[in-house]
Amino acid sequence: MATVPTIRLNNGVEIPQLGFGVYQIPPEETVEATRTALEVGYRHIDTAEMYGNEKEVGQAVRESGIDRSEVFVTSKLNNGFHRRDDALRAFDQTLADLGFDQLDLFLIHWPLPTIDVDYVETWKAMEEIYAGGRCRAIGVSNFNPHHLRRLFGETEVRPAVNQIEVHPYLANDEVRAFDADHEIVTEAWSPIAQGKVLGDPVVTRIAEKLERTPAQVVLRWHVQRGDVVFPKSVTRSRVEENFALFDFELDTGDMAALTGLDRGERTGPDPDTFDYVPR
Ligand code: NAD
């Protein structure tokens with residue numbers, strides 16, 4: 001089984017660079033999908049309260065027979081819990097649903113800069129959670145540099161990661177460079193743009209040349225850029241395919257050609273305006 005490299009977060013915790021994402025996997029399919037990923041060799045699972053499948057992720061990890069310390073699990077604070085007390089309660093619920101004593105990484109899912117709760121208050125609650133010792137690292141998701149700068153000015157703990165949308169149609173290099181300059185690891189969500197980049201002629205040409213699949217080429221591009229990725233699939237053969245990234249390389253020309261596909265095209269919402277709060 002190929003060894004997945006780890007990346008050291010700014011507090012010394014190691015995160016596997018390749019994981020398995022469970023967004024849009026219905027709860028009734030999540031135990032099976034997560035079990036498959038663990039069997040294939042994934043040791044990093046990315047879930048969220050918003051995905052509605054934390055219980056099933058926890059069940060699969062607990063039933064796998066793999067030592068809990070060997071599986072890195074991330075979850076995220078849902079948008080309705082940005083006030084301090086709600087955030088603390090939501091973290092307790094996440095741990096209870098996963099059935100764990102400790103979470104590896106907890107993220108603010110969205111900054112929601114236009115709602116009536118300031119994400120600085122939310123981040124201070126995350127700091128309390130971290131200080132309590134039941135979470136090994138804390139971070140953010142969908143934060144732009146101007147959101148992060150406010151945290152730096154008004155709070156103590158530097159986020160360990162920033163999970164943002166990145167794929168060849170949205171290279172997001174400004175945010176990635178800002179993260180890197182501030183010892184924040186970038187995690188690239190929707191790394192294959194939910195499949196939209198796989199038919200691109202540049203991607204398919206490189207895939208044919210290297211005798212790899214388009215998904216492997218795009219995921220390898222992320223890995224060589226140094227980002228953390230966690231592609232999602234419920235199909236075993238694709239779960240295996242997406243794991244086989246560490247026995248080939250893209251040369252500088254291929255890397256540049258893929259980065260050159262950037263057209264600033266999001267598949268998801270814009271973090272500066274997204275304000276969805278479940279009621
Ligand atoms: P993705 O880019 O991983 O694409 C997933 C889709 O691509 C699958 O539904 C499948 O249809 C297809 N696919 C997967 N592997 C394939 C292969 N080898 N060949 C052909 N098609 C393949 O999209 P995603 O699920 O949106 O993103 C991955 C993870 O990122 C999520 O599961 C979640 O953990 C995370 N995420 C986070 C946020 C956030 O706001 N923080 C938002 C979206 C996703």
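I take helices here as DSSP runs of H or I, at least four residues, numbered from the N terminus. By that count alanine 207 lies in helix α7, residues 201–210. The model I am reading is predicted.

**Entry 1: alanine 207**

I started with alanine 207 in α7. Is alanine 207 buried or exposed? Its relative accessibility is 3%, and buried means under 20%, so I put alanine 207 down as buried. Next I looked for its contacts, leaving aside neighbours within four places in sequence. Alanine 207 is in contact with Arg212, Thr213, Pro214 and Val217. I checked one of these pairs by C-alpha atoms. Alanine 207 and valine 217 are 10 residues apart along the chain, and their C-alpha atoms are separated by 6.1 Å.

**Entry 2: the whole chain**

I then stepped back to the fold. I count 10 helices and 10 strands in the chain. The C-alpha atoms fill a box of roughly 55 × 40 × 35 Å along the principal axes. Buried residues make up 54% of the 279 residues. I also looked at contacts between residues at least 6 apart in sequence: 75% of them join residues at least 24 apart.

The UniProt record, an unreviewed entry, gives "domain: NADP-dependent oxidoreductase" for residues 24–262. I looked at that span in the model. It is 45% helix and 14% strand, and its end C-alpha atoms lie 25 Å apart.

**Entry 3: tyrosine 51**

Where does UniProt place the feature "active site"? The unreviewed entry puts it at Tyr51. I found tyrosine 51 in the loop between β4 and α2. Its relative accessible area is 15%, so tyrosine 51 is buried. Which residues does tyrosine 51 touch, not counting those up to four places away in sequence? I list Val22, Tyr23, Asp46, Lys76 and His109.

**Entry 4: α1 against α2**

Two packed helices are described by the angle between their axes and the distance between the axes. For α1 (residues 27–40) and α2 (residues 54–63), the axes come within 8 Å and cross at roughly 35°. The crossing is right-handed. On the α1 side I see Pro27, Thr30, Val31, Thr34, Arg35 and Leu38. They meet Glu56, Val57, Gln59, Ala60, Val61 and Glu63 in α2. The residues of this contact divide into six nonpolar, three polar and three charged.

Which residues of α2 are buried? I get Glu54, Glu56, Val57, Gly58, Ala60 and Val61. These buried residues pack against α1, β4 (44–46), β5 (72–77) and α3 (84–98). Just after α2, glycine 65 takes a positive phi of about 85°.

Most residues other than glycine have a negative phi.

Asparagine 172 has a phi near 55°. It sits in the loop between β8 (161–165) and α6 (173–181). Asparagine 172 is buried, with a relative accessible area of 15%.

Glutamate 183 also has a phi near 55°. I found glutamate 183 in the loop between α6 and β9 (185–189). How exposed is glutamate 183? Its relative accessible area is 59%, so glutamate 183 counts as exposed.

Methods
Residues numbered from 1 in each chain as written. Predicted model: local features only at pLDDT ≥ 70, side-chain atom pairs only at ≥ 80, totals over all residues. Heavy atoms only, no water. Axes fitted to C-alpha atoms, helices over the stretch in contact; angles between N-to-C directions. Helix = DSSP H or I, 4+ residues; strand = E, 2+ residues; numbered from the N terminus. Left-handed = near helix turned anticlockwise from the far one by under 90°. Contact = heavy atoms within 4.5 Å. Nonpolar A, V, L, I, M, F, W, Y, C, P; charged D, E, K, R; others polar. Buried < 20%, exposed > 50% of the residue type's maximum accessible area, 1.4 Å probe, protein only. UniProt positions renumbered as here; feature names shortened; annotations may be inferred.
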